Amino acid sequence: MSTHTSNAAASAASVAGTDPAAILKTDQCTIRFGGLVAVNELNMGVREGEIYGLIGPNGAGKTTIFNLLTGVYKPTSGEIHFQNQRIDGLRSYEIAGRGVSRTFQNIRLFPSMSVLENVMTACHIHAKQSLFDAVIRSPRFERDEAEHRAYCLELLEIFDLARYKDEGGTSLPYGNQRRLEIVRALATRPKLLLLDEPAAGMNPSEALDLMELIRKIRDRFGLTILLVEHNMKVVMGVCERIQVVDYGKSIALGLPVDIKNDPKVIEAYLGD
Amino acid sequence: MSRYLRNLIIALVVIAVLYGLNFVFAGRMISPYFTRILLLSGISITLAVSLNLINGFTGQFSIGHAGFMAVGAYSSAYFSVTYGARLAVALGDGTLGWFVALTLATLVGAAFAAFAGLLVGVPSLRLKGDYLAIVTLGFGQIIVVFLNTIEVVGGARGYSGIPIVKSFFWVFLVAILTIVGVYNIVNSAFGRALISIREDELAAEAMGINTTRYKVMAFVISSGMAGAGGVLLAHFDGYLNPKSFEFIKSFEILIMIILGGLGSIVGSVLGAILLTVLPEALRGFAEYRMVIYSVLLIILMITRPQGLLGKTGSFKGWRRNRTKSRTEAEEITAEDTRDNPSVEKATLGERQSDTSLGEEKPQ
């Protein structure tokens, strides 16, 4: 992996779009809301198996980028590729079906469902039961449900949430709700996991555990992880490469240690 | 496998019991008036439970249910008059003959209603909340107007001469099949997808659920079941009139499920029975009947806005009660704003409003 200095960052960012090792690429990706350019000719290249951080000051367009990657928004121009296939213009569920899963900045669990049901809902893509199986409760239905239940419990166990399986998803403490969202995202068996501020609202020790966990799930499930985070300790601690955006434009890309000392990044965060 | 076998045995026992009870009600032991109300309750149950699938579980506010019921009623009536009766006679005009004829009539009615549901659902389920309600209401009315013009089924005069089958067995077989069907659908991967659409459509999409497809499917199933309810009604009095399927009927079914609790199957059953029995039970009050009826509804809605059986204790019907995690105020607003995340989030308070997903707006 090459290190980029601040001067090279801008050109490195454009090179990222053509990175052949990248599992997720955006090429000159732009989205306009009326006269407002929320994301401006963004090039990204997330390599398979890495933990990639996306940071930037408030309003930089990070969540918008997530929404572009997951099909909530369609880019005004530019392309998005996942595993060398174009995914821009596809609908959210199609992108999820290809192996991109996400969590939300504002937790979006299903309120009336229990913890386990929340996770099982996400097994949907892999369900082998047909509607007919469900209506007549065929052996295939029972087998399929049992399989998903076991798999989801296993996932919950990894996150230490299995003991809350029958509780209401949204009645959990905030930190656990965030973790539950990650479990739910994992239940779709993704190849790429997008985490939108996973450490938001967590205290320092919880955030530390979370970092540990992010690495653990990456190794265990062979994931590629792209995360947006404000907690610099988490970002610097867990990410292998970091891209900084400001006003929808990429301003730096590199190793955490370089980003930390990049004058452009410091300026973006602290202002003039 | 043993579980499958067990379910099969239960099903057979239920059918046997229904069949036995059929003789009890066919005899003169029980007053025809009581039997009539009981059977009407059974029909109401079918309609209410099926409407709950789309309104309560999927969270799509549809109020054109009577229209699909009408499609089922008229198509099956036409079938029975032209083919069914002849078929029954050909098969010996006995129990078997009518069983076959009615099964076919029910399938025809359900299929036509489901098809009507597909035609209405595909364009209208792109809309949400109030808009969807208005569009489904409109479609329901269109169906009625359409029926008024078809001379072959009597037009505005009504359709008479339909074979009468006042059978406890049939009415409750269809009602139980609807209940079991909806229960099994709701408690499956399909049902979880439906409920996730009600709870948070955006998150559901992100979990790989094709929300449009599921909404349409739920709508089609719900319409088909309403059609089966219509079949029962068509063969109940042997007479159909388009007037009985106007929007007032749709509202009646809607009240049943709201009263019983949206998203609760048992609630729908209770609501259906209550709304069928109550107007009859209040006959003693003569001219004050409808006043008392309305007042009772108002009192119930004020004291239990979430319905008799809470709104979102829904997933396993009555078994689990998770309403404690939601305050009453949330429940009231959740009902009105189910399809409008922005309002719901605002009332949930602890979450920030995220009407615009990219809330990070560059200055």
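How many bridges join strand β1 and strand β4 of chain A, and in which sense do they pair? I looked this up first.

I am working on a predicted model, where local features need pLDDT of at least 70, side-chain atom pairs count only at pLDDT 80 or more, and totals for chains, interfaces and linings use all residues. Residues are numbered from 1 along each chain as its sequence is written, chains are lettered from A, and ligands are numbered from 1, in the order in which they are written.

**Sheet, chain A.** I found β1 (22-33) and β4 (77-82) of chain A antiparallel, over five bridges. Strands and helices are DSSP runs, numbered from the N terminus: at least two residues of E for a strand, at least four of H or I for a helix. Strands pair if DSSP finds at least two bridges between them. A:L24 has A:F82 of β4(A) as its bridge partner. The open sheet has four strands, ordered β2-β1-β4-β5 (chain A), with antiparallel pairing. β2 (36-47) and β5 (85-86) of chain A are its edges, each pairing on one side only.

**Helices, chain B.** I turned to α3 (65-90) and α4 (95-124) of chain B. They pack at about 150 degrees, axes 8 Å apart. Axes are lines fitted to C-alpha atoms, for helices over the stretch in contact, and angles run from 0 to 180 degrees between N-to-C directions. So α3(B) is roughly antiparallel to α4(B) (over 145 degrees).

**Between chains.** I noted 40 residues of chain B in contact with 47 of chain A (C-beta atoms, placed from the backbone, within 7 Å). On chain B's side, α7(B) gives the largest share, seven residues.

Methods: Contact = placed C-beta atoms within 7 Å. Parallel < 35°, antiparallel > 145°, perpendicular 65-115°, else oblique.
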